[in-house]
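Hi,

Here is the structure I promised to pass on.

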Amino acid sequence: MFSPTPFGTMLKQLREEKGLSQGELAEELSKTAQYISNIEKGKNNAPPNEHDLQILIKKLGLNGDDAEEFRMLAYADRGMLPPEMFSYVFERPSLIGLIRCAMNNEISDDYWSCSIKKINNADIIGRKEN
């Protein structure tokens, strides 16, 4: 039995809100309606690639945080980070160490949210100058 993924659920909700059929959305991607149906049902282990995601984002009228959430959920369906995030993390071994430490110590999202606020409010040495 298949269960919809968060990406599939979001895709279906947005598609229905826009009054689009699976076929109409699939046509934008040169795919079949079955492709969209499979994603929405959690049966597809190959969510849209970056090019197709951009087409879907435009067709569904997403922008800002909604577009980023949609994109992140699609990559999560593949068990991946978006390429720009992967490159950033991969090039910083200390960041990988930080993530492992956080996992081992079960650091909560609330802790990370608080840490991000502190970092954004601090004058950080080593920040890239604009």
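Below are my notes on the aromatic rings.

This is a predicted model, in which local features need pLDDT of at least 70 and side-chain atom pairs count only at pLDDT 80 or more, while totals for chains, interfaces and linings use all residues. Residues are numbered from 1 along each chain as its sequence is written, and side-chain values use heavy atoms, with hydrogens and water left out.

The structure holds three aromatic pairs; rings of Phe, Tyr and Trp (its six-membered ring) pair if their centres lie within 6.5 Å, and planes under 30 degrees apart count as stacked, over 60 as edge-to-face and the rest as tilted. One of them is the tilted pair of F7 and F70, at 4.9 Å centre to centre with 50° between the planes. Because F7 lies in helix α1 (residues 6–17) and F70 in helix α5 (residues 64–77), this pair ties together parts 63 residues apart in sequence. Helices here are DSSP runs (H or I, at least four residues), numbered from the N terminus. Both F7 and F70 are buried, meaning under 20% relative accessible area, with exposed over 50% and partly exposed in between (1.4 Å probe, protein chains only).

F86 and F90 make a stacked pair, 5.6 Å centre to centre and 15° between the planes. Both lie in helix α6 (residues 83–90), four residues apart, about one turn of the helix. F86 is partly exposed at 49% relative accessible area, whereas F90 is exposed at 59%.

Happy reading!

Conventions. Helices (H or I, at least four residues) and strands (E, at least two) are DSSP runs, numbered from the N terminus.
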